[in-house]
Amino acid sequence: MSSITEPGSVGIVETKYFTFAEPPNELQLESGKKLGPITLAYEMYGEMNEDKSNCILILHALSGDAHVAGKHHPDDRKPGWWDSMVGPGKAFDTTKYCVICSNVIGGCKGSTGPSSIDPATGKPYGLRFPIVTIADMVNAQKHLIDHLGIKQLFCVVGGSMGGMQALQWAVSYPDMVKLAIPIATTARLSAQAIAFNAVGRHAIMADPNFAGGDYYGKQIPSAGLRIARMIGHITYLSDKSMHRKFGRGLQDKTAPSYDFGTEFQVESYLNYQGDEFVKRFDANSYLYITKAMDYFDLSQPSGDLKKELSRVKAAFLVISFSSDWLFPPYMSKEIVTALRRNNVDVTYTEIQSDYGHDAFLLETDTLTNLIVNFLEYADQRDNGF
Amino acid sequence: MPTSEITASKAAEIEKYTKIFDERPEFRYIVDMIKPGSRVLDLGCGEGDLLKILQLQKRARVQGIELSDQAIQACVAKGLFVYHGDLDEGLADFNDQSVDYVILTSTIQVLHRPDFLILEAARVGRECIISIPNFAYWKNRFQLMFLGQMPKTKTLPYEWYDTPNIHLTTIRDFIRFCGERGLEILEKVYLVTEHKPCKRVKCCPNLLADYAIFRLRRQTG
């Protein structure tokens, strides 16, 4: 059965590419370096209205990509990463809104990143790729949005690192964002989260195949990337969800075998996640993107988050999840407090969920309910309702 | 915007929400206290019915704080701005006198530190509107005095073991509290809400009213 006939699906979609920042007009990065040319991979579903005021930009998390919904081929095993939320009649209703999702710079899903060819050498950048930040990612997306002729985004939305980009959009381009929905995110990465990222990077860089990042065309540092992903997955779940999902269940056996094989179900799960990730993700991109998250701190340069958010004009829906210990609710509250002190209209809710950080991909019904209504009322608010 | 400009759809919506007055007759008196175009913060706003009425009827710029995520979803469905928060933690996020009215309807009796929150409300709001079930209502007194049991009435419907009301007060106690804490009472409305239609009580309110609404502010000077 073709996915095009599935109700609520955007159907068969394709990734598009936009290239800009050709030398000498390279993109100025926060680090002081320049990057160009830059290609951004993006997908776009639904029709833009006449004044292009119905566009929603979805921002993806660490390992996400532009393929947010639908399928590329009818026989694809899985649809896009947020298919449950994007499509006709869904939270981001493609019969009403034009939904855009772009891959980040530094990524490995069609956008310029460390696996791209460095025009200066004719070889993949590897670690010669400049460090990029969340603000750089957003600045690159701004070029895409300008290219599409959109003056103001109706909504920017994302979970986790996608939420960071949503916040950054509202700060960097206040006049271009009408509504912002940062989910399960933070205004500054915590020491704990930096620590987990650092361990993941160490695992990759300690892999003998890493070869200083110049492993393209050779054996890839799969063991290191695999470990990094396993650590990541632990942080995305909660104690309770792990217990419920796996408990102390043994994998394909009824009695322990007293060896170092895969004994418990949770081990098998992590192995599987690690193996799958290695097939689809570039280790250098993992280094660069986690680094971008580490540097994210919206309270800089003044150190005062309220002050740094003072230019924001968007109305906000901030969402956290009770069992998310990677980006705990207090981090969302910090954002809400700073926004509120700036008299920004903001709704904040902490959703009771056992899914941990992953809840932003799983609590579909609750999120849909909140988001549909939040988007719906935006126009009424304009009319002073 | 004069009343005549209110659109038909808005009028229909107002009517839909004012039906809540049947269930919560005290809301009508609270709505009457609020000046049009004010900034209003409702602490423990529940599903946001009162805020919605104020937004529609008084063009108030409203926001609410609520603990239940289910109730917050209901508020978002009404297009309101609300945030998840625990009132027992106070209002540290809010600047002094930053809203026109802070509203606490039937809320202070469920708090761990009602005295703390009332003072916080008076700090943040230029005025506060606080409503309470009156524990000194004659039916409560009767049940304690003659039946020797914890009172159970329409305004206080719980059993002793499952009641959320841990700090019940009386009209007399509340007025005394305001005097002691430098709160000036600007308006009092005493009601019997258990009968329909809800009636105002003029005589012996502490005995004859089951519900009271106070509009107050911090004493100046």
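In the predicted model, the buried residues of helix α2(A) are M161(A), G162(A), G163(A), M164(A), Q165(A), A166(A), L167(A), Q168(A), W169(A), A170(A) and V171(A). Helix α2(A) is thus mostly covered, with eleven of its twelve residues buried. The helix comprises residues 161–172 of chain A, and at 1.5 Å a residue its twelve residues should span 16 Å. The C-alpha atoms at its ends are 16 Å apart, in agreement with that expectation.

In chain B, helix α3 (residues 26–33) packs on helix α4 (residues 49–58) at an angle of about 45 degrees, and the two axes are 11 Å apart. The crossing of α3(B) past α4(B) is right-handed. On the α3(B) side, the contact is made by F27(B), I30(B) and V31(B). Helix α4(B) contributes L50(B), I53(B), L54(B), Q57(B) and K58(B). By class, this contact has six nonpolar residues, one polar residue and one charged residue.

The contact between the chains takes 20 residues from chain A and 13 residues from chain B. On the side of chain B that touches chain A, α5 (69–77) and β3 (81–84) each supply at least two residues. Helix α5(B) gives the most to this side, with five residues. Classified by residue type, the side of chain B that touches chain A has six nonpolar, four polar and three charged residues.

Methods
Residues are numbered from 1 along each chain as its sequence is written. Chains are lettered from A and ligands numbered from 1 in the order in which they are written. This is a predicted model: local features need pLDDT of at least 70, side-chain atom pairs count only at pLDDT 80 or more; totals for chains, interfaces and linings use all residues. Axes are lines fitted to C-alpha atoms, for helices over the stretch in contact, and angles run from 0 to 180 degrees between N-to-C directions. Helices (H or I, at least four residues) and strands (E, at least two) are DSSP runs, numbered from the N terminus. A crossing is left-handed if the near helix is turned anticlockwise from the far one by less than a right angle, and right-handed if clockwise. Two residues are in contact if their C-beta atoms, placed from the backbone, lie within 7 Å. Ala, Val, Leu, Ile, Met, Phe, Trp, Tyr, Cys and Pro count as nonpolar, Asp, Glu, Lys and Arg as charged, and the others, Gly among them, as polar. The expected span of a helix is 1.5 Å times one less than its number of residues. A residue is buried if 20 or more other C-beta atoms lie within 10 Å of its own, exposed if 12 or fewer, and partly exposed in between; C-beta atoms are placed from the backbone.
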